[in-house]
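The sequence and the structure come first.

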Amino acid sequence: MTASTPRPTAGPSPATPAPATVLGADDARRIALRAQGLLGAPDRRGGVRGVLRRLGAVQLDTISVLARSHELVPYARLGAVGRPAVEAAYWGGGASFEYWSHAACVLPVEEWPLFAFRRRGYRAKAHVWGKQVDAATYRTVLDKLRAEGPLTSTELGGAKRTAEWWDWSDTKIAVERALAFGDVVCTERRSWKRVYALAEQAIPAELFAAEPDDEHCLRTLVAQSGAALGVATRADLLDYHRLRADQLDAVLPDSGLVPVQVAGWGPDGSPGAAWADPAALAAAPRGRHRTTLLSPFDSLIWDRPRTERIFGMLHRLEAYTPRHKRVHGYFAMPLLAGGRLVGRVDPAREGRTLVARQVSLDSPRHLEALAGALREAASWVGCEGVRVEALHDEALRPALEELLG
């Protein structure tokens, strides 16, 4: 059983000022790449925490193939940063917390006050996770955390009633409600289990005490989303932190984002209305493009309509698609090279070998980029070699195997 904020619908657009800037589709693509930290010199000094602050949210997911998605996101931007360093940056020293944003996400701890609007929204609901638990159970959970410090749901008294994954115990429901309400926070995971702590003990006092009104929360988050996206449609801005249309419309004109038109973003290839971060328009995006494999949950591509609009790739996660119906594989990772999505790799590991179960490329000219991305990924996860199983064009195999060495 899971809970998340629903995927928003764009709805009718409010009146906006006439755009002062018209962007070409390639300009918009490069602006988006730079905003996401995938064009230009990587911020190695800022490291993983710098990536998190820049993006504002890094999505979590249970699937682990090369690594879990939240590890793949900084890897895509910084290169082969040590995996222990990634975990320490997220879960160490109170620098971040986990909450419902685009989905379940790691968020910079500085954003704690900005999600007050969502915590208030959860409190206003009669039910969260479909079932009410008695007040005594809720108080018992909080008292135990106060007395003993951070605990997993198992340590609190058990996560499940039965072996069924969805059949949560009253204790688990209570602590997840407390997480949604903001009485409890998750700032750490152990063996992928949430570790719950009292928010008043785990969140820095000045952040915990801050309780901005909904307008301030939403306006700041929309501005942050615009900066992380560079240039975005109204639907893109809604999707980043899964806001409702009325929430976005109430603050968008005062968010500091400026209206623009982007070639090809409208119906039938016409120019389309969008909003841009003024800083993104101040200088043309230049620099070195990162060549890497992207998690399907990477914020560059987690919004499928935006991915298709910007990169021309219709990409879907097929992990939950029956095997015989999959087109590109269980966890197909798009290949980013030269600022474009040029192929897909469905990876796995067998001992010290990275296995590319299924590989497709848009063009043979991207073969060297593919080989480089596979070698780097293999090295990062401690593999000594790469084996390619299915290649969309077998005529490319000799050249690819030579490049892989």
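Arg 146 is partly exposed at 41% relative accessibility, and so is Glu 200 at 46%; buried means under 20% relative accessible area, exposed over 50%, and partly exposed in between, with a 1.4 Å probe and protein chains only. The model is a predicted one: local features need pLDDT of at least 70, side-chain atom pairs count only at pLDDT 80 or more, and totals for chains, interfaces and linings use all residues. Residues are numbered from 1 along each chain as its sequence is written, and side-chain values use heavy atoms, with hydrogens and water left out.

Glu 200 and Arg 146 form a salt bridge, with their closest N and O atoms 4.0 Å apart. The term stands for a side-chain nitrogen of Lys or Arg within 4 Å of a carboxyl oxygen of Asp or Glu. Glu 200 belongs to helix α9 (residues 199-202) and Arg 146 to helix α6 (residues 135-148), so this pair ties together parts that are 54 residues apart in sequence. Helices (H or I, at least four residues) and strands (E, at least two) are DSSP runs, numbered from the N terminus.

A salt bridge also joins the side chains of Arg 309 and Asp 236, at 2.9 Å from N to O. Here the parts tied together are 73 residues apart in sequence, because Arg 309 lies in helix α15 (residues 304-311) and Asp 236 in helix α12 (residues 234-240). Arg 309 is partly exposed at 24% relative accessibility, whereas Asp 236 is buried at 2%.

Asp 26 forms a salt bridge with Arg 29, and the closest N and O atoms are 3.4 Å apart. Both residues are in helix α1 (residues 25-35), 3 residues apart, so about one helical turn separates them. Asp 26 is partly exposed, with a relative accessible area of 37%, but Arg 29 is buried, at 4%.

Strand β5 (residues 184-190) pairs with β6 in the antiparallel sense over 6 bridges; two strands count as paired if DSSP finds at least two bridges between them. Arg 190 has Lys 193 in β6 as its bridge partner. The hairpin has 2 residues between the strands, and Ser 191 takes a positive phi near 50° there.

Strand β6 (residues 193-198) is largely enclosed by the rest of the structure, because 5 of its 6 residues are buried.

## A mixed open sheet

An open sheet is formed by 4 strands in the order β1-β8-β9-β7, with mixed pairing. At the edges stand β1 (21-23) and β7 (231-232), each with a single partner strand, so one side of each has no neighbour in the sheet.

β1 and strand β8 (residues 258-262) run parallel and are joined by 3 bridges. Leu 23 has Val 262 in β8 as its bridge partner.

## Cysteines

The structure holds 0 disulfides, a disulfide being a pair of cysteine sulfur atoms within 2.5 Å. For Cys 105, the nearest cysteine sulfur is that of Cys 186, 13 Å away. Cys 105 is buried, with a relative accessible area of 0%.

For Cys 217, the nearest cysteine sulfur is that of Cys 105, at 17 Å. Cys 217 is buried as well, with a relative accessible area of 0%.
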